Amino acid sequence: MFKRVIVWFRNDLRVHDHAPLFNAAQKAEEVIPVYCFDPRSFSKVELALEKTGNHRAKFLLEAVDNLRKNLRDRGADLLLFLGKPEEILVDFAAKIQADAIFFSEEVTSEEKKVESKLEQQSWKLGIKTSSYWQSTLFHILDLPFPLSQTPEVFTQFRKECEKFGKIQKTLPCPTKIPFPNETFDTIELPNLSTFGLKEPLKSTRAVLEFIGGETEGLDRLQAYFWDSDRLKVYKETRNGLLGSDYSSKFSPWLALGCLSPRFIYEEVKRYEQERTKNQSTYWLIFELIWRDYFRFIAKKHGNKIFKVQGIKNNEDNWIRNESLFWKWAHGETGIPFIDANMRELNETGFMSNRGRQNVASFLVNDLNLDWRWGAMYFESMLIDYDVCSNWGNWMYVAGVGNDPRENRYFNILRQAQNYDKKGDYIRHWIPELAAIPGFDIHQPFELSTANLKTFGISLGSTYPHPMVKFKAWV
(Lines give C-alpha, C1' and ligand atoms only; values in the text may rest on other atoms or scores of the structure.)
Protein backbone atom coordinates (compact mmCIF):
# COMPACT_ATOMS: atom_id res chain seq x y z
CA MET A 1 0.00 0.00 0.00
CA PHE A 2 1.04 3.58 -0.71
CA LYS A 3 0.17 6.52 1.51
CA ARG A 4 -0.20 9.09 -1.27
CA VAL A 5 -0.36 8.55 -5.06
CA ILE A 6 -0.64 11.15 -7.83
CA VAL A 7 -2.66 10.05 -10.88
CA TRP A 8 -1.39 12.02 -13.88
CA PHE A 9 -4.10 12.28 -16.55
CA ARG A 10 -2.97 12.64 -20.17
CA ASN A 11 -4.98 11.45 -23.22
CA ASP A 12 -7.19 9.40 -20.89
CA LEU A 13 -9.70 11.97 -19.65
CA ARG A 14 -12.28 9.66 -18.07
CA VAL A 15 -13.06 7.81 -14.86
CA HIS A 16 -14.47 4.61 -16.44
CA ASP A 17 -12.06 1.79 -17.40
CA HIS A 18 -9.08 3.82 -16.21
CA ALA A 19 -6.15 1.66 -15.11
CA PRO A 20 -4.03 4.27 -13.23
CA LEU A 21 -7.05 5.64 -11.34
CA PHE A 22 -8.46 2.18 -10.58
CA ASN A 23 -5.12 0.88 -9.31
CA ALA A 24 -4.38 4.01 -7.29
CA ALA A 25 -7.79 3.77 -5.60
CA GLN A 26 -6.98 0.14 -4.73
CA LYS A 27 -3.40 0.69 -3.55
CA ALA A 28 -3.26 4.13 -1.93
CA GLU A 29 -4.66 5.74 1.19
CA GLU A 30 -4.86 9.05 -0.70
CA VAL A 31 -5.27 9.64 -4.44
CA ILE A 32 -4.54 13.03 -6.04
CA PRO A 33 -5.59 13.38 -9.70
CA VAL A 34 -3.68 16.00 -11.75
CA TYR A 35 -3.65 17.35 -15.29
CA CYS A 36 -0.82 19.44 -16.73
CA PHE A 37 -1.21 21.78 -19.73
CA ASP A 38 2.09 21.51 -21.57
CA PRO A 39 2.91 24.78 -23.40
CA ARG A 40 4.84 22.79 -26.02
CA SER A 41 1.52 21.35 -27.21
CA PHE A 42 0.40 24.89 -28.08
CA SER A 43 3.56 26.06 -29.86
CA LYS A 44 3.93 27.00 -33.53
CA VAL A 45 5.33 24.44 -35.98
CA GLU A 46 6.25 24.48 -39.67
CA LEU A 47 4.21 26.86 -41.88
CA ALA A 48 3.50 28.86 -38.68
CA LEU A 49 0.73 26.37 -37.87
CA GLU A 50 -0.52 26.16 -34.31
CA LYS A 51 0.25 22.66 -33.09
CA THR A 52 -3.14 22.71 -31.32
CA GLY A 53 -5.67 24.94 -33.07
CA ASN A 54 -8.67 26.58 -31.43
CA HIS A 55 -11.30 23.90 -32.17
CA ARG A 56 -9.06 21.19 -30.78
CA ALA A 57 -8.03 23.28 -27.76
CA LYS A 58 -11.65 24.14 -26.95
CA PHE A 59 -12.60 20.44 -27.03
CA LEU A 60 -9.65 19.64 -24.73
CA LEU A 61 -10.59 22.34 -22.20
CA GLU A 62 -14.17 21.04 -22.13
CA ALA A 63 -12.90 17.49 -21.59
CA VAL A 64 -10.62 18.51 -18.70
CA ASP A 65 -13.43 20.51 -17.11
CA ASN A 66 -15.78 17.53 -17.36
CA LEU A 67 -13.17 15.18 -15.89
CA ARG A 68 -12.83 17.52 -12.92
CA LYS A 69 -16.60 17.43 -12.40
CA ASN A 70 -16.70 13.60 -12.61
CA LEU A 71 -13.86 13.34 -10.10
CA ARG A 72 -15.59 15.76 -7.74
CA ASP A 73 -18.72 13.60 -7.95
CA ARG A 74 -16.56 10.81 -6.49
CA GLY A 75 -15.16 12.85 -3.64
CA ALA A 76 -11.93 13.90 -5.33
CA ASP A 77 -10.76 16.86 -7.41
CA LEU A 78 -8.52 17.52 -10.41
CA LEU A 79 -5.50 19.70 -9.75
CA LEU A 80 -4.43 21.74 -12.77
CA PHE A 81 -0.92 22.90 -13.71
CA LEU A 82 0.65 24.79 -16.60
CA GLY A 83 4.20 23.88 -17.58
CA LYS A 84 6.38 20.92 -18.47
CA PRO A 85 4.94 17.84 -16.70
CA GLU A 86 8.36 16.26 -16.15
CA GLU A 87 9.34 19.30 -14.07
CA ILE A 88 6.13 20.62 -12.51
CA LEU A 89 4.64 17.29 -11.47
CA VAL A 90 7.86 15.95 -9.99
CA ASP A 91 8.31 19.17 -7.98
CA PHE A 92 4.71 18.95 -6.82
CA ALA A 93 5.09 15.26 -5.89
CA ALA A 94 8.16 16.07 -3.81
CA LYS A 95 6.47 19.05 -2.16
CA ILE A 96 3.42 17.06 -1.01
CA GLN A 97 5.52 13.95 -0.21
CA ALA A 98 3.77 11.65 -2.70
CA ASP A 99 5.03 8.07 -2.81
CA ALA A 100 4.30 7.47 -6.49
CA ILE A 101 2.97 8.84 -9.78
CA PHE A 102 0.66 6.61 -11.83
CA PHE A 103 -0.01 7.41 -15.51
CA SER A 104 -0.97 6.05 -18.93
CA GLU A 105 1.78 5.00 -21.30
CA GLU A 106 1.95 6.79 -24.63
CA VAL A 107 3.56 5.72 -27.91
CA THR A 108 5.20 8.52 -29.89
CA SER A 109 8.49 10.31 -29.27
CA GLU A 110 7.39 13.64 -27.76
CA GLU A 111 5.19 11.94 -25.19
CA LYS A 112 7.76 9.19 -24.49
CA LYS A 113 10.48 11.78 -23.81
CA VAL A 114 8.25 13.48 -21.24
CA GLU A 115 7.49 10.11 -19.62
CA SER A 116 11.12 9.13 -19.52
CA LYS A 117 12.29 12.43 -17.98
CA LEU A 118 9.47 12.36 -15.43
CA GLU A 119 10.45 8.84 -14.40
CA GLN A 120 14.15 9.69 -14.12
CA GLN A 121 13.52 12.84 -12.06
CA SER A 122 11.03 11.01 -9.82
CA TRP A 123 13.37 8.10 -9.14
CA LYS A 124 16.18 10.48 -8.15
CA LEU A 125 13.89 11.75 -5.42
CA GLY A 126 12.76 8.29 -4.36
CA ILE A 127 9.28 8.72 -5.89
CA LYS A 128 8.06 5.57 -7.62
CA THR A 129 6.29 5.61 -10.99
CA SER A 130 3.86 3.16 -12.50
CA SER A 131 2.77 3.32 -16.16
CA TYR A 132 -0.24 1.52 -17.65
CA TRP A 133 -1.08 0.56 -21.22
CA GLN A 134 -4.72 1.46 -21.81
CA SER A 135 -5.24 3.26 -25.12
CA THR A 136 -6.12 0.27 -27.31
CA LEU A 137 -8.79 -2.40 -27.61
CA PHE A 138 -6.19 -5.19 -27.43
CA HIS A 139 -3.73 -4.78 -24.58
CA ILE A 140 -0.14 -4.79 -25.83
CA LEU A 141 0.60 -7.87 -23.69
CA ASP A 142 -2.33 -9.74 -25.25
CA LEU A 143 -1.21 -9.41 -28.88
CA PRO A 144 -0.68 -12.81 -30.55
CA PHE A 145 2.82 -11.76 -31.69
CA PRO A 146 5.73 -9.72 -30.29
CA LEU A 147 5.42 -6.01 -31.05
CA SER A 148 8.49 -6.18 -33.31
CA GLN A 149 6.63 -8.73 -35.45
CA THR A 150 3.44 -6.67 -35.83
CA PRO A 151 2.29 -7.46 -39.39
CA GLU A 152 2.85 -4.70 -41.94
CA VAL A 153 -0.51 -5.39 -43.61
CA PHE A 154 -3.67 -4.58 -41.67
CA THR A 155 -5.66 -7.62 -42.83
CA GLN A 156 -3.08 -10.00 -41.38
CA PHE A 157 -2.95 -8.00 -38.14
CA ARG A 158 -6.74 -8.03 -37.83
CA LYS A 159 -7.15 -11.74 -38.58
CA GLU A 160 -4.47 -12.78 -36.08
CA CYS A 161 -5.88 -10.51 -33.38
CA GLU A 162 -9.44 -11.73 -33.98
CA LYS A 163 -8.35 -15.36 -33.89
CA PHE A 164 -5.69 -15.41 -31.18
CA GLY A 165 -5.87 -12.08 -29.30
CA LYS A 166 -8.06 -11.39 -26.29
CA ILE A 167 -9.84 -8.28 -25.13
CA GLN A 168 -9.69 -7.62 -21.41
CA LYS A 169 -12.79 -6.63 -19.48
CA THR A 170 -13.27 -2.98 -18.59
CA LEU A 171 -12.19 -1.93 -15.11
CA PRO A 172 -14.87 -0.79 -12.65
CA CYS A 173 -15.28 2.93 -12.14
CA PRO A 174 -14.35 3.94 -8.55
CA THR A 175 -17.42 5.16 -6.68
CA LYS A 176 -15.34 6.94 -4.02
CA ILE A 177 -11.82 8.29 -4.48
CA PRO A 178 -9.85 8.95 -1.26
CA PHE A 179 -8.77 12.56 -1.78
CA PRO A 180 -6.83 14.29 1.02
CA ASN A 181 -8.56 16.94 3.11
CA GLU A 182 -6.18 19.79 2.39
CA THR A 183 -5.76 22.73 0.02
CA PHE A 184 -3.28 22.55 -2.86
CA ASP A 185 -1.75 25.39 -4.86
CA THR A 186 -2.99 24.96 -8.46
CA ILE A 187 -4.25 27.08 -11.35
CA GLU A 188 -7.78 27.77 -12.55
CA LEU A 189 -8.96 26.11 -15.75
CA PRO A 190 -7.25 28.08 -18.56
CA ASN A 191 -9.16 29.61 -21.45
CA LEU A 192 -8.20 29.76 -25.12
CA SER A 193 -6.54 33.16 -24.74
CA THR A 194 -4.09 31.56 -22.26
CA PHE A 195 -2.61 29.79 -25.29
CA GLY A 196 -2.93 32.73 -27.68
CA LEU A 197 -6.02 31.27 -29.35
CA LYS A 198 -9.36 32.86 -30.26
CA GLU A 199 -12.75 31.41 -29.48
CA PRO A 200 -13.99 29.63 -32.64
CA LEU A 201 -17.22 30.97 -34.12
CA LYS A 202 -20.13 28.60 -33.59
CA SER A 203 -20.97 26.90 -36.88
CA THR A 204 -24.56 26.86 -38.03
CA ARG A 205 -23.68 24.18 -40.59
CA ALA A 206 -21.98 21.63 -38.31
CA VAL A 207 -23.29 18.04 -38.49
CA LEU A 208 -23.12 17.76 -34.70
CA GLU A 209 -22.19 19.98 -31.80
CA PHE A 210 -19.08 18.30 -30.45
CA ILE A 211 -18.50 19.03 -26.75
CA GLY A 212 -15.48 17.56 -24.99
CA GLY A 213 -15.68 15.25 -22.01
CA GLU A 214 -16.53 11.77 -20.83
CA THR A 215 -20.17 12.67 -20.10
CA GLU A 216 -20.74 13.91 -23.65
CA GLY A 217 -18.94 10.87 -25.09
CA LEU A 218 -21.11 8.46 -23.12
CA ASP A 219 -24.20 10.44 -24.14
CA ARG A 220 -23.18 10.18 -27.80
CA LEU A 221 -22.80 6.41 -27.49
CA GLN A 222 -26.21 6.16 -25.82
CA ALA A 223 -27.80 8.28 -28.56
CA TYR A 224 -26.18 6.48 -31.49
CA PHE A 225 -26.45 2.87 -30.29
CA TRP A 226 -29.55 2.84 -28.15
CA ASP A 227 -31.80 5.87 -28.68
CA SER A 228 -31.65 6.20 -32.48
CA ASP A 229 -30.67 2.53 -33.04
CA ARG A 230 -28.18 3.46 -35.76
CA LEU A 231 -25.53 0.84 -35.08
CA LYS A 232 -27.45 -1.76 -37.10
CA VAL A 233 -26.91 0.25 -40.32
CA TYR A 234 -23.43 1.63 -39.57
CA LYS A 235 -21.69 -0.23 -42.40
CA GLU A 236 -24.16 1.05 -45.00
CA THR A 237 -24.15 4.69 -43.87
CA ARG A 238 -20.59 5.25 -42.55
CA ASN A 239 -19.35 6.87 -45.79
CA GLY A 240 -21.93 9.65 -45.55
CA LEU A 241 -21.13 13.34 -45.61
CA LEU A 242 -24.15 15.17 -44.20
CA GLY A 243 -26.04 14.73 -40.95
CA SER A 244 -25.27 13.68 -37.40
CA ASP A 245 -25.88 9.93 -37.59
CA TYR A 246 -24.28 8.59 -40.77
CA SER A 247 -21.40 7.41 -38.55
CA SER A 248 -20.74 6.98 -34.84
CA LYS A 249 -18.61 10.16 -34.49
CA PHE A 250 -16.90 8.59 -31.46
CA SER A 251 -13.43 9.59 -32.67
CA PRO A 252 -13.11 12.96 -30.84
CA TRP A 253 -13.88 11.31 -27.50
CA LEU A 254 -11.64 8.33 -28.29
CA ALA A 255 -8.77 10.66 -29.19
CA LEU A 256 -8.70 12.25 -25.72
CA GLY A 257 -9.57 9.02 -23.94
CA CYS A 258 -13.00 10.33 -22.86
CA LEU A 259 -14.32 7.00 -24.17
CA SER A 260 -12.55 3.69 -23.63
CA PRO A 261 -12.35 1.46 -26.73
CA ARG A 262 -13.03 -1.56 -24.51
CA PHE A 263 -16.18 0.07 -23.18
CA ILE A 264 -17.37 0.69 -26.75
CA TYR A 265 -16.60 -2.97 -27.57
CA GLU A 266 -18.63 -4.19 -24.58
CA GLU A 267 -21.55 -1.96 -25.61
CA VAL A 268 -21.41 -3.39 -29.15
CA LYS A 269 -21.55 -6.89 -27.69
CA ARG A 270 -24.50 -5.89 -25.50
CA TYR A 271 -26.24 -4.40 -28.54
CA GLU A 272 -25.68 -7.66 -30.43
CA GLN A 273 -27.37 -9.55 -27.59
CA GLU A 274 -30.24 -7.14 -27.01
CA ARG A 275 -30.91 -5.77 -30.52
CA THR A 276 -29.18 -7.37 -33.50
CA LYS A 277 -25.87 -8.80 -34.63
CA ASN A 278 -24.88 -8.12 -38.25
CA GLN A 279 -22.12 -6.79 -40.52
CA SER A 280 -22.58 -3.29 -39.11
CA THR A 281 -22.01 -4.30 -35.50
CA TYR A 282 -18.88 -6.17 -36.59
CA TRP A 283 -17.72 -3.20 -38.68
CA LEU A 284 -17.61 -0.84 -35.73
CA ILE A 285 -15.26 -3.26 -33.95
CA PHE A 286 -13.32 -3.56 -37.23
CA GLU A 287 -12.74 0.23 -37.12
CA LEU A 288 -11.52 0.02 -33.51
CA ILE A 289 -9.01 -2.61 -34.64
CA TRP A 290 -7.78 -0.20 -37.36
CA ARG A 291 -7.20 2.34 -34.62
CA ASP A 292 -5.21 -0.23 -32.62
CA TYR A 293 -3.22 -1.12 -35.70
CA PHE A 294 -1.94 2.41 -36.30
CA ARG A 295 -0.95 2.67 -32.63
CA PHE A 296 1.06 -0.56 -32.67
CA ILE A 297 2.66 0.34 -36.03
CA ALA A 298 3.69 3.70 -34.57
CA LYS A 299 5.22 1.96 -31.57
CA LYS A 300 7.01 -0.54 -33.82
CA HIS A 301 8.45 2.01 -36.27
CA GLY A 302 9.06 5.00 -33.98
CA ASN A 303 9.90 8.31 -35.63
CA LYS A 304 9.77 6.87 -39.15
CA ILE A 305 6.05 7.70 -39.21
CA PHE A 306 6.98 11.42 -39.15
CA LYS A 307 9.68 11.19 -41.85
CA VAL A 308 8.91 12.14 -45.43
CA GLN A 309 10.03 8.67 -46.64
CA GLY A 310 7.64 7.01 -44.18
CA ILE A 311 8.13 3.43 -43.10
CA LYS A 312 8.73 2.31 -46.70
CA ASN A 313 11.79 4.57 -47.09
CA ASN A 314 10.42 5.83 -50.41
CA GLU A 315 12.40 8.47 -52.24
CA ASP A 316 11.28 12.05 -51.58
CA ASN A 317 9.89 13.75 -54.70
CA TRP A 318 7.29 16.07 -53.14
CA ILE A 319 7.10 19.78 -53.89
CA ARG A 320 6.85 22.36 -51.11
CA ASN A 321 4.84 25.23 -52.58
CA GLU A 322 3.22 27.21 -49.76
CA SER A 323 0.86 29.11 -52.07
CA LEU A 324 -0.64 25.85 -53.38
CA PHE A 325 -0.82 24.45 -49.86
CA TRP A 326 -2.78 27.38 -48.43
CA LYS A 327 -5.28 27.25 -51.29
CA TRP A 328 -5.89 23.63 -50.35
CA ALA A 329 -6.02 24.44 -46.62
CA HIS A 330 -8.46 27.32 -47.04
CA GLY A 331 -10.79 25.43 -49.39
CA GLU A 332 -9.92 27.56 -52.43
CA THR A 333 -8.86 24.88 -54.92
CA GLY A 334 -11.76 25.44 -57.32
CA ILE A 335 -12.72 21.77 -56.92
CA PRO A 336 -16.01 21.90 -54.97
CA PHE A 337 -15.75 18.43 -53.42
CA ILE A 338 -12.33 19.32 -51.94
CA ASP A 339 -13.29 22.85 -50.92
CA ALA A 340 -16.52 21.82 -49.18
CA ASN A 341 -14.66 19.27 -47.04
CA MET A 342 -11.91 21.73 -46.13
CA ARG A 343 -14.48 24.39 -45.25
CA GLU A 344 -16.20 21.91 -42.93
CA LEU A 345 -12.86 21.15 -41.25
CA ASN A 346 -11.97 24.83 -40.83
CA GLU A 347 -15.39 25.81 -39.51
CA THR A 348 -16.00 22.84 -37.17
CA GLY A 349 -12.77 20.94 -36.51
CA PHE A 350 -14.34 17.81 -38.01
CA MET A 351 -14.51 16.09 -41.39
CA SER A 352 -15.98 12.77 -42.50
CA ASN A 353 -13.72 9.80 -43.16
CA ARG A 354 -14.67 9.92 -46.85
CA GLY A 355 -13.76 13.59 -46.99
CA ARG A 356 -10.39 13.02 -45.34
CA GLN A 357 -9.38 10.39 -47.87
CA ASN A 358 -10.30 12.65 -50.77
CA VAL A 359 -8.62 15.84 -49.57
CA ALA A 360 -5.50 13.87 -48.62
CA SER A 361 -5.36 12.16 -52.02
CA PHE A 362 -5.82 15.53 -53.73
CA LEU A 363 -2.95 17.13 -51.78
CA VAL A 364 -0.64 14.18 -52.35
CA ASN A 365 -1.56 12.89 -55.82
CA ASP A 366 -2.98 15.90 -57.65
CA LEU A 367 -0.87 18.69 -56.13
CA ASN A 368 2.16 16.49 -55.31
CA LEU A 369 2.67 18.46 -52.08
CA ASP A 370 4.61 17.14 -49.08
CA TRP A 371 2.16 14.83 -47.31
CA ARG A 372 3.53 15.88 -43.92
CA TRP A 373 2.12 19.38 -44.45
CA GLY A 374 -1.32 17.83 -44.73
CA ALA A 375 -0.71 15.75 -41.59
CA MET A 376 0.43 18.87 -39.70
CA TYR A 377 -2.64 20.81 -40.80
CA PHE A 378 -4.91 18.01 -39.60
CA GLU A 379 -2.97 17.91 -36.32
CA SER A 380 -3.72 21.57 -35.77
CA MET A 381 -7.35 21.50 -36.86
CA LEU A 382 -9.00 18.16 -36.03
CA ILE A 383 -10.84 17.80 -32.73
CA ASP A 384 -10.27 14.04 -33.06
CA TYR A 385 -6.55 14.32 -33.75
CA ASP A 386 -4.86 11.09 -32.73
CA VAL A 387 -1.14 11.13 -33.44
CA CYS A 388 -0.92 7.48 -34.54
CA SER A 389 -4.08 7.35 -36.66
CA ASN A 390 -3.41 10.73 -38.26
CA TRP A 391 0.18 10.11 -39.34
CA GLY A 392 -0.56 6.46 -40.16
CA ASN A 393 -3.42 7.41 -42.46
CA TRP A 394 -1.44 10.16 -44.19
CA MET A 395 1.46 7.76 -44.80
CA TYR A 396 -1.08 5.30 -46.19
CA VAL A 397 -2.47 7.79 -48.72
CA ALA A 398 1.01 9.03 -49.61
CA GLY A 399 2.16 5.51 -50.47
CA VAL A 400 4.87 5.45 -47.79
CA GLY A 401 2.93 3.50 -45.15
CA ASN A 402 1.17 0.18 -44.63
CA ASP A 403 -0.58 -0.22 -47.94
CA PRO A 404 -0.08 -3.28 -50.11
CA ARG A 405 -1.27 -1.20 -53.09
CA GLU A 406 1.34 1.08 -54.62
CA ASN A 407 -1.01 3.90 -55.66
CA ARG A 408 -4.06 4.90 -53.65
CA TYR A 409 -5.40 7.53 -56.04
CA PHE A 410 -8.88 8.96 -55.59
CA ASN A 411 -10.74 10.08 -58.69
CA ILE A 412 -12.36 13.15 -57.15
CA LEU A 413 -15.31 13.43 -59.53
CA ARG A 414 -16.07 9.73 -59.36
CA GLN A 415 -15.99 9.94 -55.56
CA ALA A 416 -18.37 12.90 -55.74
CA GLN A 417 -20.64 10.90 -58.06
CA ASN A 418 -20.66 7.98 -55.60
CA TYR A 419 -21.14 9.93 -52.37
CA ASP A 420 -22.80 13.23 -53.27
CA LYS A 421 -24.55 12.63 -56.58
CA LYS A 422 -27.12 15.41 -56.18
CA GLY A 423 -24.59 17.87 -54.78
CA ASP A 424 -26.35 18.41 -51.43
CA TYR A 425 -23.07 18.43 -49.51
CA ILE A 426 -21.62 21.12 -51.79
CA ARG A 427 -24.76 23.26 -51.46
CA HIS A 428 -24.49 22.96 -47.68
CA TRP A 429 -20.89 24.17 -47.47
CA ILE A 430 -20.46 26.31 -50.62
CA PRO A 431 -23.65 28.38 -50.82
CA GLU A 432 -22.26 30.57 -53.62
CA LEU A 433 -22.61 27.52 -55.91
CA ALA A 434 -26.02 26.48 -54.58
CA ALA A 435 -27.97 27.59 -57.64
CA ILE A 436 -26.21 25.06 -59.92
CA PRO A 437 -28.54 22.07 -60.25
CA GLY A 438 -27.72 18.38 -59.83
CA PHE A 439 -24.23 16.98 -60.27
CA ASP A 440 -23.08 20.01 -62.29
CA ILE A 441 -22.39 21.73 -58.97
CA HIS A 442 -19.32 19.47 -58.66
CA GLN A 443 -17.85 20.73 -61.95
CA PRO A 444 -18.68 24.41 -62.47
CA PHE A 445 -15.52 24.63 -64.58
CA GLU A 446 -17.28 22.50 -67.23
CA LEU A 447 -20.14 24.99 -67.63
CA SER A 448 -20.01 27.89 -70.08
CA THR A 449 -19.46 31.43 -68.85
CA ALA A 450 -22.97 32.34 -70.04
CA ASN A 451 -24.47 29.36 -68.22
CA LEU A 452 -22.63 30.23 -65.00
CA LYS A 453 -23.80 33.84 -65.31
CA THR A 454 -27.43 32.69 -65.14
CA PHE A 455 -26.59 31.23 -61.72
CA GLY A 456 -24.85 34.43 -60.60
CA ILE A 457 -21.41 32.80 -60.69
CA SER A 458 -18.20 34.09 -62.21
CA LEU A 459 -15.18 31.77 -61.96
CA GLY A 460 -12.20 33.63 -60.59
CA SER A 461 -14.50 36.06 -58.81
CA THR A 462 -17.37 34.41 -56.89
CA TYR A 463 -15.62 31.03 -56.93
CA PRO A 464 -12.01 30.11 -57.87
CA HIS A 465 -10.86 28.61 -61.13
CA PRO A 466 -9.75 24.97 -60.60
CA MET A 467 -6.12 24.60 -59.54
CA VAL A 468 -5.84 21.38 -61.53
CA LYS A 469 -8.05 19.33 -63.78
CA PHE A 470 -7.04 15.85 -64.86
CA LYS A 471 -8.28 13.58 -67.60
CA ALA A 472 -8.01 10.80 -65.04
CA TRP A 473 -11.06 12.28 -63.33
CA VAL A 474 -13.34 11.76 -66.31
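In this predicted model, Phe2 has Ala28, a residue of strand S2, as its bridge partner.

Helix H1 (residues 19-27) touches S1, S2, strand S4 (100-104) and S5, and its direction makes about 150 degrees with that of S2. Helix H2 (residues 54-72) touches S1, S2 and S3, with a direction at about 165 degrees to that of S2.

Now for the whole sheet. It is open, has five strands and pairs them in parallel, in the order S3-S2-S1-S4-S5. S3 (79-82) and S5 (128-132) sit at the edges with a single partner strand each, so one side of each has no neighbour in the sheet. Going from one strand to the next, the twist averages 25 degrees.

H9 (residues 261-274) packs with H10 (residues 279-301) at an angle of about 165 degrees, and their axes are 10 Å apart. Angles over 145 degrees count as roughly antiparallel, so that is how H9 lies relative to H10. The crossing of the two is left-handed. On the H9 side, the contact is made by Pro261, Ile264, Tyr265, Val268, Lys269, Tyr271 and Glu272; H10 brings in Thr281, Tyr282, Leu284, Ile285, Leu288 and Arg291.

Technical notes
Residues numbered from 1 in each chain as written. Predicted model: local features only at pLDDT ≥ 70, side-chain atom pairs only at ≥ 80, totals over all residues. Heavy atoms only, no water. Pairing = 2+ DSSP bridges. Helix = DSSP H or I, 4+ residues; strand = E, 2+ residues; numbered from the N terminus. Axes fitted to C-alpha atoms, helices over the stretch in contact; angles between N-to-C directions. Contact = heavy atoms within 4.5 Å. Parallel < 35°, antiparallel > 145°, perpendicular 65-115°, else oblique. Left-handed = near helix turned anticlockwise from the far one by under 90°.
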